[in-house]
Amino acid sequence: MRHVHTLIQGVILGVLTSGVFALMASGQTLIFGIMKVVNLAQGAMVILGAYLSYQLFTSFGLDPFLAIPVTTVIMFVLGVAVQWLFLRPLRKDDRSELSLLITFAVALLIEGVMSITWHTTSRSINTGYANSSWSLFGYQITLVRLWAFLLSLAVLGLLYLLLNHTRFGRAVRATVQNPESAKLLGIEADRVSALGFGLGAATAAAAGSVYGLLYPFNPGSHYDLISKLLSIVILGGLGSVGGAVLGALIASTSSAVVAATVSPAWSEMTFFVILIAILLVRPQGIFGTTVRSA
Amino acid sequence: MKRKKHSKRTWQAAVATCTLALAASGCASGSDSADSGHGPLVIGASVSLTGDFADNGKAVQRGYQLWADSINAKGGLLGRKVKFKIVDDLSSPSQVITNYQNLINRDHVNLVFGPFSSLLTVPASQVAKRYGYAFLEPAGGGPQVFDQHLHNLFFVQPAPSVSSGDVFAKWVLSLPAGQRPKTAAYAELDDPFASPIAENIRTAFEAAGIKTVYKQVYPAETTDLSPVISGVAAAHPDVLVSGTQSNDAYAQVKSLVQLKFSPKFIFMSNGANSPLEFPDKVGAGNTSGIMSAGDWYPSSTAAGSAEFAAAYVKKYGGTAQQIDNTSAEAYSCGQLLEDVAKKTAKIDNATIIKSLHSGSWPTLLGDLAWNADGAPTSEFSLVQWQGGKLLPVYPAAKAQAAPVYPKPNWGG
Amino acid sequence: MNRLRAAGPVAFFATLASLPSFNLAHWSINLLIFTLMFAVMSSSWNLVGGFAGYPSLGHAAFFGIGAYAEAIWFSHHSVSSGYEPFLMLPAIGLLAALIGLPIGAVAMRTRADVFAIVTITLLFVVQMFAFNLHSITGGAQGLSIAPAPFPAATYERPFYYVLVGLLALAMAITFAVMRSKVGLSLAALRGDEDKARGIGIRVTGVKLLAFTVSVGLTAMVGAVWAYYEGFIYPQFAVDPLITIAMVLMTFLGGRATLWGPVLGAFILESAQQYLAYRLGGSQVYLIAYALVFLLIMLLLPRGILPTVQDRIRRRRRRQAVDSGSPTRTQPANAAATAGGGQA
């Protein structure tokens, strides 16, 4: 009986945590869809978002959830700047290889700036409700995780509305599906790329506020994050936001279940097992289109 | 063209070999050929100023520098002004080797002090040994450090790190049988400084009949400890023994509060002994009753302690309660040099190595003595959070308050 | 022409080999040792990332595998003369190549960016195994190798010579690849893999060959590193920053050239050690590193050697045109890939 209890507790934990990962992964997959660039700085941007929330909380007492509008705007601008400065100058043919390295360098740059500004001590955002939890049928539901999950759903909902019911969203989707035709229709690839990257950074900021409430973080935390995010977006299919959400759900829940029932040591492994499995079985991911070879 | 190079090279090689032979014979005598006995005494140290160990590294730097200031105010060491040459090792073992190579062989420092953490101390101590330098180090106390059987190494803390929990086991087992815990759970971080401490306690507890009802070792990267703590809570132990570093200690406490489980005794090997960070991270109301191990505390009466605390606060601000004991450990390295100089009127590497291997030497951390491998032979103190302050509670000789048990519930 | 070309490399290696006998200070040899490690690793990365065009971001995994293989072996066998760890190198290289074979076979079925992701993942998986398989790897407690019983005065030399040897090996392999059909095949598939397959090139075989040789060499460097450090820990033996350094050095010097990676290694490693020693304390270090990285990517995307060769070629052509005489332009292919950049 205890085993079933542990299992279900694990599932609850996994589902609640998946919200944050879905948010992070959606930004990543969106950037790939628009620019065909794997953004290795996504993890660093999330952590930067966490630090910004932390700063707003400690300096102004602003609750992280309420800080999201502020941090998303800041990070949006940052994202556009990064794209314009470092990615746009790349020649088309070099873009695939070099963008990986460039975004990684950007990640290091962000890490360096964070180390100087906030030092390398671990931080976490300790709001008053950070430790409270509900008891539901004998299962503990941590309040913070619940809010995090609901918030992630809300932001994802906004993203959905943006992509499907605005002109910008339509431009983005057109660029993702067929860049050539999109250009013919008058959509400026550069502008869409810049705004798209900004959007990806903004979702990272929102995820960061939430992340900071759930986990302690320091400038070096982004390595861990990025490897998990990559597994998730590949599972879901590069370029598909819906895939990212589903992928986050699957990966996060499996990982939490393994941690609860087997051992925390192997829970990280779940992400990678999933990645390898999907690459062997269906390399384009759940919702991805068929991959062109080399 | 090639022939010219060959003969030129042969000639250079011959000259070089002769020089090398002369230099080698000079070095072999064991004394610092660079030390003329006058001028400033330069002590080199590679410290983690950036990277994973940065905050601790900076605490070490502060301790070293503070000692230099204090000894120079008293006229220096044997009349020589003390100067530190501190370089950053980026928390990297490759860089630390390069740093000590540079310090010893390029900058020709007179003495060296150790870096932060066993991970960096091990490769660094080998470099120091090759060139006959004494290696006083404040932060490398894992068993792998002493397994090297280095004669020139001295760990400047009361006992090897894995023994820091033994004082808790001793105290618990000294309680009357009716008040002792009957069951124990162990939540351990897979880390050379964390897990072995908890394991030592477990050995002692199991031998005394305290049943182990749950044990889980989690990897270093784990940010989410809820699954582990759920397991702990489900087992309802009387005592929770946590082998932790800082982040996971905070995470464990947070999880315990969220799951509303409060065992009668909690011991955390690290994290809980951080006077500033711990209440900040887990909430001041949640610290009450948690125990940890410590070697220095602000109200200590050990040699030079009051002077150290006053000087620290004057130079770096804050209150005495906020002083990281890593700085105290670093400061003690300097005190040992003072002690050796006072006793022998000499301050070269060979004398330091020979002197410290016998007798006991007074420092901020109490009187220290070492075995042949550099492992200190004294013991830590058991500290406990009471009323928002971290106080030593055992052994009686060092206690400033009586231990409180069972642990008060969360939030109070 | 050929003999002149050969004089350059020979002189280079002869100088390298004789440096220790110039009574160089220990710290200089130490610096050279780390530089050589990266020179070998960059040259081997070049085979996969440069010649084959598959940017592997997980090579450090094999560095770690080599390091752990060496440490694990010598925790069960003793080190008496001090040379046994070096004698184990070929075996370790072979082991890594064998491990790399199935991994490469799976990973290289994907295109460049997904390949990079898979290799990054590999890196973290290997790190995780290193952390979790306590009984074999010692987990977070690390693993030790008995210190080498070399005399203190010449302690670094055996390591140094072994690394010079490895560099010679790596460059010899690269040179052989460039001059052979393998090199042509790699160049073809780097341009367009489907077309290459279409004209009958053994794409898979050639890719895998490059991959396995590359990881074998990297693992050997890892083994030497483990011996030099004396004690290894998972997060340092399997470290993403090592891959990044390799990649950056190859990019800086010039991908798919012979001397590019070596040049890049010498420039960057010395700079890095210097920056760390000077700037480390002010925490500007990481930012400086990242900025250098970005500048190189943006300003010199092809690397130093190809850019310099281009300029030289352009100037020669201009001079020829100005003087009105017919130019003896070398075929672009040979100039770009034969890498005769040195003396």
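Is B:Gln252 buried or exposed, and what is its relative accessibility?

Guide: B:Gln252 is buried, with a relative accessibility of 0%. Keep in mind that this is a predicted model. The cut-off for "buried" is under 20% relative accessible area, so a value of 0% puts B:Gln252 in that class.

Now place the residue. B:Gln252 sits in chain B, in helix H9, which covers residues 246-258. Next, its surroundings. Neighbours within four places in sequence are set aside here. The remaining contacts of B:Gln252 are B:Ala187, B:Tyr218, B:Leu225, B:Ile229, B:Leu240, B:Ser242, B:Thr244 and B:Met268.

Follow chain B past the end of that helix. B:Lys260 lies in the loop between H9 and strand S9 (265-268). Its backbone stands out: B:Lys260 is not a glycine, yet its phi is positive, about 55°. B:Lys260 counts as exposed, because its relative accessibility is 57%. That contrasts with B:Gln252, buried at 0%.

Another residue of chain B has a backbone of this kind. B:Ala345 is not a glycine either, and its phi is about 60°. B:Ala345 belongs to the loop between H12 and helix H13 (349-356). With a relative accessible area of 54%, B:Ala345 is exposed.

B:Glu338 pairs with B:Lys74, at 3.4 Å from N to O. The partners come from distant parts of the chain, 264 residues apart. B:Glu338 is in helix H12 (residues 325-344). B:Lys74 is in the loop between helix H2 (54-73) and strand S2 (82-88). B:Glu338 is buried, because its relative accessibility is 15%.

Over all chains, the count of salt bridges is eleven. Take B:Arg202 and B:Glu199: their closest N and O atoms are 2.8 Å apart. Both lie in helix H7 (residues 195-207), three residues apart, so about one helical turn separates them. B:Arg202 is buried, at 19% relative accessible area. The cut-off is under 20%, so B:Arg202 falls on the buried side.

B:Glu199 has a further partner. Its side chain also meets B:Lys215 in a salt bridge, at 3.1 Å from N to O. B:Glu199 is in helix H7 and B:Lys215 is in strand S7 (residues 211-218), so this pair ties together parts 16 residues apart in sequence. B:Lys215 is partly exposed, at 36% relative accessible area. Shared partners join B:Glu199, B:Arg202, B:Glu206 and B:Lys215 into one network.

Finish chain B with two peptide bonds. The bond from B:Tyr394 to B:Pro395 is cis, with omega near -5°. The bond from B:Tyr405 to B:Pro406 is cis as well, again with omega near -5°. B:Pro395 is in the segment after strand S14 (389-394). B:Pro406 is also in the segment after S14.

Now turn to chain A, where helix H1 spans residues 2-35. A:Phe21 lies in this helix. It is buried, with 6% relative accessible area. Beyond residues up to four places away in sequence, A:Phe21 touches A:Leu225, A:Lys228, A:Leu229, A:Ile232 and A:Ala248. A:Phe149 is 128 residues from A:Phe21 along the chain, with 9.8 Å between their C-alpha atoms.

Helix H1 also holds A:Val11. A:Val11 is partly exposed, since its relative accessibility is 33%.

C:Leu248 is in helix H13 (residues 240-253). C:Leu248 is buried, at 0% relative accessibility. With neighbours within four places left aside, its contacts are C:Leu268, C:Phe293, C:Ile296 and C:Met297. From C:Leu248 to C:Asp322 is 74 residues in sequence and 38 Å in space, C-alpha to C-alpha.

Helix H16 of chain C covers residues 304-323 and includes C:Arg317. C:Arg317 is partly exposed, because its relative accessibility is 38%. It belongs to a surface patch of positive charge, along with C:Arg311, C:Arg314, C:Arg315 and C:Arg318.

Technical notes. Residues numbered from 1 in each chain as written. Chains lettered and ligands numbered in written order. Predicted model: local features only at pLDDT ≥ 70, side-chain atom pairs only at ≥ 80, totals over all residues. Heavy atoms only, no water. Patch = residues over 30% accessible without salt bridge, like charges linked within 9 Å, V, L, I, M, F, W, Y side chains within 5 Å. Areas by Shrake-Rupley, 256 points an atom, 1.4 Å probe, with all protein chains shown as cover. Salt bridge = Lys/Arg side-chain N within 4 Å of Asp/Glu carboxyl O. Lys, Arg positive; Asp, Glu negative; His and termini not counted. Charge placed at Lys NZ, Arg CZ, Asp CG, Glu CD. Helix = DSSP H or I, 4+ residues; strand = E, 2+ residues; numbered from the N terminus. Buried < 20%, exposed > 50% of the residue type's maximum accessible area, 1.4 Å probe, protein only. Contact = heavy atoms within 4.5 Å.
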